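Take a walk through the side chains of this model.

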Amino acid sequence: MTQTKHYPHHIDLKPVMHAEGTVRLPGSKSISNRVLLLAALAKGTTKIIDLLASDDTFVMLTALTSLGVKWTQDELTGDPATAHQVHHVEGCGGVFPHHEADLFMGNAGTAIRPLTAALAVIGGDYTLHGVSRMHERPIGDLVDALNAVGTQIEYTGEQGFPPLRIRRGHIHAQRIAVRGNVSSQFLTALLMVAPLMARDHAVTIDVTGELISKPYIEITLNLMRRFGVTVEHDGWQSFTVQPGQQYQSPGTIHVEGDASSASYFLAAGAIGGGPVRVEGVGRDSIQGDVRFVEALQQMGATITMGENWIEARSNGVLKAVDMDFNHIPDAAMTIAVAALYADGTSTLRNIASWRVKETDRLTAMATELRKLGAEVEEGADYLRVTPPAQIQAATIDTYDDHRMAMCFSLASLDGAARRGNEMRINDPKCVAKTFPEYFAAFAGIAKDTLI
């Protein structure tokens, strides 16, 4: 699977006077890695169409290979711009063939959290580790929840963080409790392995405290249904899997375009005139990040949607907003940069989860926005952005965080506010985590670039 694209140490973006065009989105990271694990755990072979080709999915595919899961990728034929990626994953029926493995998980949270749960429940002798930032991302809530019902997961470094050692435990799960206010991936991981524990009796997962990023749980529940497992839930506080359910391949499954990646291009249309259309995700998407368009609409943009596409265009200078973004934390980063083009101060609230992502995104975003001349107030769980009269030319550090690189490309747009400027984006290769061709796609909608 190709996941590498060669980039220089930085990329320079000239001011863009107008944004217009159509972008075909890469597959959703959240859907791709969930589908890969479900397909591996299922009975039967699953044909996956348009799986995301990126570092994070490569990490998951490599891990599955180490666990003895067989998969193949069809050769692309025809025009690469319109050809569909096709993978075939042979399911293992809930038991991985290899009971020992040393797994490198990079910085892929969507891979390490569910895989940790699956390996702990299935049992064996496994080690999981990643890049240095992965070893700073919390996993303690998930480990505590699993170990409380009989798994045997140990920390080989700092308590509460990877790397991990997993041995065979003795599962006695009927009720499992997990905190919901740090990462929804912990609940996703427990939900995905609940059918493996619910062989003779129902398993209920209780969420302690507020559950953040609820739309990502909706993705998990939707995909579990596609693989034949139904989850009963009482609001967002408890989830029950009845006994006797087993993952079954749906035969063929299509991966939607990535709604988080759509946010950059839709924002470009709202800032830089438009229309900009994204293809691969639309009004019927199972991804919560499509609700990003509601924020753009509140900022004054015109949004139109079809079954498999969304389009944005500008109605002049954007309006400042004060909004809660707990439900779409990843896409909310795009609003922080769009706020540079607003008519006043914007406030993004309830985004504490930014601090435990690929980097501390609250501090990183505040630091880089200030380079552009914005006044920024950084709180424990909020960001307040007052735009400058003119965006300053700047060199943007990306912190090995794909979303930082993609977000700040938008600051090169001139738009109705006449504010864009030259941007140097350091370490642009970090976009390979989810969107290796991002800067080529951005160049495709950048019209009337100033030389």
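Which ring does the charged end of Arg 277 sit over? The ring is that of Trp 309, and the charged end of Arg 277 sits 3.6 Å from its centre. A charge sits over a ring if NZ of Lys or CZ of Arg is within 6 Å of the ring centre and within 35 degrees of the ring normal.

A word on the source. This is a predicted model, in which local features need pLDDT of at least 70 and side-chain atom pairs count only at pLDDT 80 or more, while totals for chains, interfaces and linings use all residues. Residues are numbered from 1 along each chain as its sequence is written, and side-chain values use heavy atoms, with hydrogens and water left out.

Now the aromatic pairs. A search of the whole structure gives seven. Rings of Phe, Tyr and Trp (its six-membered ring) pair if their centres lie within 6.5 Å; planes under 30 degrees apart count as stacked, over 60 as edge-to-face and the rest as tilted. Tyr 438 and Phe 439 make an edge-to-face pair, with 5.2 Å centre to centre and 80 degrees between the planes. Tyr 438 is buried, at 0% relative accessible area. Phe 439 is buried too, at 5%. Buried means under 20% relative accessible area, exposed over 50%, and partly exposed in between (1.4 Å probe, protein chains only). Ring pairs also link Tyr 438 and Phe 439 into a cluster with Tyr 264, Phe 265, Phe 435 and Phe 442.

Next, the annotated site. An unreviewed UniProt entry lists residues for "binding site", among them Ser 183, Gln 185 and Lys 357. Of the listed residues, the lining of the largest cavity includes Ser 183, Gln 185 and Lys 357, among others. UniProt positions are given in the numbering used here, feature names are shortened, and annotations may be inferred rather than shown by experiment. On a 1 Å grid over the protein atoms alone, a cavity is a set of points where a 1.4 Å probe fits but cannot get out; lining residues have an atom within 4 Å of a point.

Look at Ser 183. Its relative accessibility is 11%, so Ser 183 counts as buried. Leaving aside neighbours within four places in sequence, Ser 183 is in contact (heavy atoms within 4.5 Å) with Arg 113 and Ile 212.

Gln 185 is buried as well, at 15%. Not counting residues up to four places away in sequence, Gln 185 touches Gly 109, Thr 110 and Arg 113.

Methods
On a 1 Å grid over the protein atoms alone, a cavity is a set of points where a 1.4 Å probe fits but cannot get out, and a pocket is an open set with protein on both sides within 12 Å along at least five of seven lines; lining residues have an atom within 4 Å of a point.
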